[in-house]
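Here is a short briefing on one structure.

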Amino acid sequence: MKIVVLMKQVPDTWGDRRLDTSTGWVDRASSDPVIDEINERALEAALTVAESAKDAEVVVMTMAPGDVSESLKKALAMGCDSAVHICDDSLAGADAGLTAAVIAAAVRAQDADLVFAGNESTDGRGGLVPAMIAEYLGLPHLGTLGDIVVDGSTVRGVRRIDGGTQAVHASLPAVISVNESNPDARFPSFKGIMGAKKKPVVTLALADLDVTAPAGRSAVLSTTVRPARSAGTVVTDDGTAAEQLADFLVSNRLV
Amino acid sequence: MTTVLALVELTESGALASGAASTLAAAAKIGNPIAIVVASPGKGKNVAADLGALGAAQVVVAESSTVATALVTPSVDALDAAIDAHKADAVFLPNSGDGREIAGRLAVRRRTTVLVDAVDVAKGKNVLIATHSVFGGGFTTTSEITGGIPIVTVRQGAAADRPVAGKPTVSTVAVESTSSSGVIDSTETLASDSTRPELRGAERVVSGGRGLGSAEKFALVEQLADTLGAAVGASRAAVDAGFVAPSLQVGQTGVTVSPQLYVALGISGAIQHRAGMQTADTIVAINKDPDAAIFQVSDFGIVGDVFTVVPQLIAAIEAKR
């Protein structure tokens with residue numbers, strides 16, 4: 001069984017995250033890049049599935065500008081067998097549609113049985129790319145999945161949906177996106193860290209892939225920074241404060 | 001006239017899902033909204049009147065025999081067909097879990113992309129411009145799609161004027177679905193006491209602090225949360241005092257939230273706590289200490305007793321509905 005795990009490097013949520021106001025893109029220089037936590041859970045889930053399968057191979061894949069070697073090294077140290085880094089200056093500012101088209105082309109070349117992704121990144125929070133990749137590949141997609149079990153040629157799990165849960169399954173090959181109920185990532189062992197140095201990391205440019213780019217593209221028209229938060233209205237309760245607050249919530253459409 | 005499609009989702013019991021109003025309201029700002037309801041044969045027509053009240057000019061019930069078992073794809077097929085049938089200029093969907101997956105698949109099929117989690121929309125030269133609130137409201141961006149039909153997911157509860165209610169025309173079409181899809185084995189709706197939204201990612205949060213005094217009195221926080229449809233959170237002080245479970249802690253060492261509305265009850269607003277919530281779009285605080293740091297970051301603050309103000313607030317909100 002071959003498994004591809006998609007990984008996104010994002011600004012650390014513990015730092016101050018910024019947008020570049022001239023492009024509207026994430027300002028990746030202003031904060032420390034880390035593997036998005038949900039992708040660590042995807043890695044853990046994929047490695048757990050791989051351990052219980054015979055002859056399983058796990059490939060970690062990322063599309064990112066610049067240096068992602070530390071993040072890939074961590075994934076390899078956790079137990080992935082190899083890494084693919086899609087890196088091309090012409091992909092700067094790629095929207096969800098183009099990103100999915102490029103990753104789908106790279107996944108297709110891997111001939112994977114299972115693709116693991118996080119359900120949404122902490123920076124973009126779009127939650128679109130896994131479903132888009134599934135559509136490109138003509139595969140079923142189980143989104144926002146937990147309790148993941150692979151049984152022969154079927155993957156099963158429980159989706160988190162608004163107001164409940166849904167037990168679902170799909171035949172392999174399939175794309176799944178994991179939710180936060182999946183276990184935390186394992187710590188790389190010393191042996192894993194040493195072994196990671198010898199594992200292959202392939203860097204691909206756009207020209208190496210057979211990409212069918214979408215015609216429609218999104219463009220950011222403007223980006224504005226919210227001014228530093230300052231104190232608003234403060235009233236001392238004289239018996240009418242609750243009514244004033246209710247009016248405030250209604251006029252701001254918050255109830 | 002610009003024609004726009006608005007996908008509306010149904011709950012397990014067949015009623016309109018909560019994202020329907022904001023999706024239709026956004027669609028109506030751009031053009032003539034056609035509500036698309038994807039349902040099992042014979043079901044779905046009963047929400048037509050409700051959709052009219054929300055501003056739908058036309059309701060199309062797309063009947064699919066696989067909607068209960070095939071994950072997401074029947075809605076993709078229905079919208080794909082409806083774009084051609086109605087010569088639609090844009091498609092709106094709720095920014096729900098399923099809504100985003102449907103939007104993503106539809107965009108790939110139509111060789112376009114998605115403007116995700118719009119909090120507002122306006123007419124533009126490329127049909128429309130969407131407004132987004134990024135990094136918990138720290139930044140506001142506007143975006144458009146060029147070269148393809150715009151597909152927009154609308155934040156549930158996003159601010160938009162309610163369109164004029166009307167009596168929509170209702171038609172039914174059959175959806176042929178042959179897409180490769182996941183299979184739904186069963187769906188479980190959470191019991192009413194746990195339908196409260198999850199703290200992480202919640203659009204509204206009501207948190208309580210040490211000022212609540214005890215675990216029993218913390219119920220006041222839950223009552224206001226349920227009135228607002230909000231998740232429940234707590235300060236570290238309330239967690240350390242044993243009022244609630246650690247999983248509800250908002251702050252640097254707990255959960256970081258960026259909701260549209262954050263209500264802090266009896267919370268002093270230590271930096272530990274502020275680090276986890278100060279990117280909320282709107283912050284409301286009630287605290288009896290006029291010098292509490294929470295008032296420095298709140299949009300609306302009340303210096304008063306939570307046990308007096310909150311019950312009045314619940315009554316006032318309910319009276320305004």
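Which residue in strand 10 of chain B does Ala167(A) stand opposite? Ala167(A) faces Ser186(B). This is a predicted model, in which local features need pLDDT of at least 70, side-chain atom pairs count only at pLDDT 80 or more, and totals for chains, interfaces and linings use all residues. Residues are numbered from 1 along each chain as its sequence is written, chains are lettered from A, and side-chain values use heavy atoms, without hydrogens and water.

- Six bridges join strand 9 (residues 164–171) of chain A to strand 10 of chain B, and the two run antiparallel.
- Strands are DSSP runs of E, at least two residues; helices are runs of H or I, at least four.
- Two strands pair if DSSP finds at least two bridges between them.
- The open sheet has 10 strands, in the order 11(A)-5(A)-4(A)-1(A)-6(A)-10(A)-7(A)-8(A)-9(A)-10(B), with mixed pairing.
- Its edge strands are strand 11 (201–204) of chain A and strand 10 (183–189) of chain B; each pairs on one side only.

**Ser235(B)**
- Ser235(B) sits in the loop between strand 12 (231–234) and helix 6 (236–240) of chain B.
- Ser235(B) counts as buried because its relative accessibility is 7%.
- Buried means under 20% relative accessible area, exposed over 50%, partly exposed in between (1.4 Å probe, protein chains only).

**Cysteines**
- The whole structure holds zero disulfides over all chains; a disulfide is a pair of cysteine sulfur atoms within 2.5 Å.
- The sulfur of Cys80(A) is 19 Å from the closest cysteine sulfur, in Cys87(A), so it is too far for a bond.
- Cys80(A) is buried at 0% relative accessibility, whereas Cys87(A) is partly exposed at 24%.
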